[in-house]
Amino acid sequence: MKKLEDLILTYKDFPKKGIDFKDVLEILQYPDIFQDLILKMCSNQLLKNADAIISIDARGFIFGSAVALESSKPMIVARKPGKLPGHILTREYDLEYGKNSLSIQSNALKRFNSFVIVDDLLATGGTVNCVSSLLQAQNKKILSLITVVELKELRGRAKLDFPVQSVISL
Ligand code: AMP
């Protein structure tokens with residue numbers, strides 16, 4: 001009988017030498033384990049107080065939309081460059097393996113004041129920090145990050161000024 005931990009596969013030196021890539025996609029092949037994971041993510045008390053979820057491109061969308069559905073919360077998205085139409089707010093950040101930028105549609109923010117961020121994995125914290133600074137610059141509140149995996153050694157949570165819930169800490 002598989003457990004959630006068994007479904008986080010490690011690929012050495014992907015996408016660059018020195019990176020141990022944690023692949024969470026196998027979870028989706030086991031609906032019972034996926035469902036149990038989503039229920040754990042939804043048990044976050046701060047989620048109840050949030051106006052909406054913001055999930056991060058691209059694996060964050062998988063978990064974010066399931067959490068949104070299960071918790072009956074609205075969801076908006078932060079996306080990689082060139083993906084979002086309309087007026088967007090953009091910020092660049094450093095990744096464990098390179099640079100990137102994320103954008104949010106400014107229209108999507110209008111109805112909501114407080115957010116919980118959902119992503120698949122917290123590494124250095126640069127990605128989540130980028131999303132939170134984008135939102136905080138618009139006077140929005142971040143109540144929590146909910147993530148499937150946290151790579152503890154990279155101390156990403158030290159970069160964040162809100163609580164972090166990770167289902168698996170490696
Ligand atoms: P970071 O900004 O360093 O916290 O990186 C988090 C984002 O990059 C997440 O959206 C992950 O999907 C991805 N990521 C970073 N490091 C890894 C890793 N070792 N394994 C899998 N995904 C990673």
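In which sense, right-handed or left-handed, does α1 pass α3 in their crossing? Keep that in mind while you look at the model, which is a predicted one. The answer is that the crossing of α1 past α3 is right-handed.

Let's stay with these two helices for a moment. Helix α1 covers residues 31–42 and helix α3 covers residues 59–71; their axes come within 9 Å and cross at roughly 70°. The two helices are therefore roughly perpendicular to each other. On the α1 side, the contact is made by Phe34, Leu37, Ile38, Leu39, Met41 and Cys42. On the α3 side, you'll find Ile62, Phe63, Ala66, Val67, Glu70 and Ser71. As a bit of background, an α-helix has 3.6 residues a turn, so residues three or four places apart point the same way.

Now move on to the sheet. It is an open sheet of five strands, and if you walk across it the order is β4-β3-β7-β8-β9, with parallel pairing. At the edges sit β4 and β9 (164–169), each of which pairs on one side only. Neighbouring strands are turned by 20° against each other on average, if you ignore direction. In general, strands of a sheet pair through backbone hydrogen bonds, either parallel or antiparallel.

Start at the β4 end. Strand β3 (residues 52–56) pairs with β4 in the parallel sense, over four bridges. Strand β4 itself (residues 75–78) has two faces: Ile76 and Ala78 are on the covered one, while Met75 and Val77 are on the uncovered one. Val77 turns up again as the bridge partner of Ser55.

Ser55 is worth a stop. This residue is found in strand β3, and at 0% relative accessibility Ser55 counts as buried. What does Ser55 touch, not counting residues up to four places away in sequence? The list is Gly60, Phe61, Gly64, Met75, Ile76, Val77, Ala78 and Val118.

Further along the sheet, strand β7 (residues 114–122) and strand β8 (residues 141–150) pair in the parallel sense over eight bridges. Within that pairing, Ile117 has Leu145 of β8 as its bridge partner.

Strand β8 also holds Thr147, which is buried, with a relative accessible area of 1%. Leaving aside neighbours within four places in sequence, Thr147 is in contact with Asp119, Asp120, Leu121 and Leu122, with Val164, Gln165, Ser166 and Val167, and with Met41. Met41 is a residue you have already met, in the contact between α1 and α3. As for Ser166, its C-alpha atom is separated from that of Thr147 by 4.8 Å, although the two residues are 19 residues apart along the chain.

Finally, look at what lies against the strands. Helix α5 lies across β3, β4, β7 and β8, running at about 165° to β7. Is helix α5 (residues 126–136) largely enclosed or largely open? Nine of its eleven residues are buried, so α5 is largely enclosed by the rest of the structure. Those buried residues are Gly126, Thr127, Val128, Cys130, Val131, Ser132, Ser133, Leu134 and Leu135.

Notes. Residues numbered from 1 in each chain as written. Predicted model: local features only at pLDDT ≥ 70, side-chain atom pairs only at ≥ 80, totals over all residues. Heavy atoms only, no water. Axes fitted to C-alpha atoms, helices over the stretch in contact; angles between N-to-C directions. Parallel < 35°, antiparallel > 145°, perpendicular 65-115°, else oblique. Left-handed = near helix turned anticlockwise from the far one by under 90°. Contact = heavy atoms within 4.5 Å. Buried < 20%, exposed > 50% of the residue type's maximum accessible area, 1.4 Å probe, protein only. Pairing = 2+ DSSP bridges.
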